[in-house]
Amino acid sequence: MLTVNHVTKTYGNFTALEDITLEFSQGLYALLAPNGAGKTTLIKMLTTLIFPTRGEILLDGDEIIALDETYREKIGYLPQEFGYYKNHSPRQFLSYLAALKGLDKREAARKTDELLELVSLADVRDKKMRKFSGGMIQRVGIAQALQNDPRILILDEPTAGLDPKERVRFRNLISSLSKNRIVIMSTHIVSDIETVANQVVMFKDHKLLANNTPAKICKQLEGKVFETDDITAIDFAHMQLTERNEDGHTIVRFATDSARGAEIGRPVTPNLEDVFLYIYRDEAWI
Amino acid sequence: MSTLNVNLTPQEKEQEISAILDRGLVRPKTLRRLFKDLLCSLGLRALFWDCGFALLVATVTLAGIVFLLAVTPIERSLATTFTLAPLLFLATQLSCETAERLGELYELKRTCKYTIRQITAFRVLTFSLVGVIFCVGLTAFIAESTTHLVQLLPLALSGLFLCALFSLFLARRLPHTLAGIWAGAIWIVITLTPLMIAGPQWEILLSNIPVLLTICTTIVSAALFLREITKLAFDKEDHTYAYGQSRN
């Protein structure tokens, strides 16, 4: 089990994360928050790129800083900005990273072929990455993160820059990978995690706001989310969430604490996007 | 005699014993063992990956040094040797590090089993050995006699290791990613200023330093330099600003 124990990270007078306590066991954990909320700071601490100012991060009771390479051997990491060598083929690139990860050469070669197959890049394994699309590069990134068969897979905004088709494929892959390991994925794109995350971790004002299953998090807004095609009729405090067109009408989804919500609108089941907008767009109340 | 009130099944006992052995019998990692592991696992090619730019800079530096030697009056050989001795090391090391830190893979490389910090430690040691070979060549080229060589070589080596130590010391402590470059600039200023201002007097001062003292300086600075490399390779928390990890 990976435990984040009362962790605070400060940079001078600025507190990036304050008193965060979390526990990660097998499954997919989504760190969901807007940009600048501290997701990447936590990810960087989990990958030992930076250290907590206060508190500790433990793997099975041992501090990860003390575990040093023993810990690093157990993690797979896909950074937010995944760099690569444009003139290398995926196979060459993965061989180099396998060496840095201390993998046996023969085993690494076998694993590289297997992983390129898994991420559907087997056909282009010997082609230079110069002409690869963002999605293909991201898949190379996933492959490198899986090279050491990590117990903990850490992905920082992995779907940024992917087209919808690639995003779905990526989601399915991550979902299957989370069956036998800890997968920690940071994102601000709700649809990436809504259906696959076992647990959603949310931050607000650099503090932990929620750590629960998507269903339980959505339950917070139960009875407060409605849809209407006449938003002008609402004369009580509400927050507009999303809009969509249906049969020539604009259907507006809104949240309100008022009991009159049901008089104007039709109650709907809240989803994670509603919760996200509700929590992070306080200023939108009118 | 007291007995412990612990009831363990044979299987649990085995597990406990294994856990104790795992913790107790781990050989402490030395710099030598680490570098041996690095060489065996990564090989020279992976260890010096991304060093092409450094090689180019080293070649240009060598050409510059040859030019300087061609135009420098031979009567200032000691001052020239002392200043030039660490230049190849500095140029190679700093260009290699700069290229690495500015590279897009830097962050990822810091999370691998063999971190870029450990690889950097290996490279620094290698570049310093190349620096030693350079010093031998440089002094052999400049020396007019064996006595002159005996005076020049320890001075050049002390210059190399003092500068290398200073460079690594700064790089590990200053909260600036390119702190090592400052070390190079400071070295050039420190050694060139007396040469420019005092001229022959600086040469006389250097010639009056006993050879034994320069040998001792070389040994001590080389030992301290090795200690800095060890810290670079193994330090987990403090003094690692330039190599990516910090508490603040």
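**View 1. Contact between chain B and chain A.** In this predicted model, 27 residues of chain B and 36 residues of chain A form the contact (heavy atoms within 4.5 Å). About 2,900 Å² is buried between the two chains, 56% of it on carbon and sulfur atoms; buried area is the accessible area (1.4 Å probe) that two parts lose on being put together, summed over both.

View 2. Two salt bridges (a side-chain nitrogen of Lys or Arg within 4 Å of a carboxyl oxygen of Asp or Glu) are counted between chain B and chain A. In a salt bridge, the side chain of B:Lys113 meets that of A:Glu73 at 3.5 Å, N to O. On chain B, the elements giving two or more residues to the side that touches chain A are helix H2 (31-47), helix H6 (106-109) and helix H7 (116-142); helices are DSSP runs (H or I, at least four residues), numbered from the N terminus.

**View 3. A salt bridge within chain A.** The whole structure holds 24 salt bridges over all chains. In one, the side chains of A:Arg91 and A:Asp126 meet at 3.6 Å, N to O. This pair links distant parts of the chain, 35 residues apart: A:Arg91 lies in helix H4 (residues 90-100), and A:Asp126 in the loop between helix H5 (105-118) and helix H6 (134-146) of chain A.

**Conventions.** Residues are numbered from 1 along each chain as its sequence is written, and chains are lettered from A in the order in which they are written. Local features need pLDDT of at least 70, side-chain atom pairs count only at pLDDT 80 or more, and totals for chains, interfaces and linings use all residues, while side-chain values use heavy atoms, with hydrogens and water left out.
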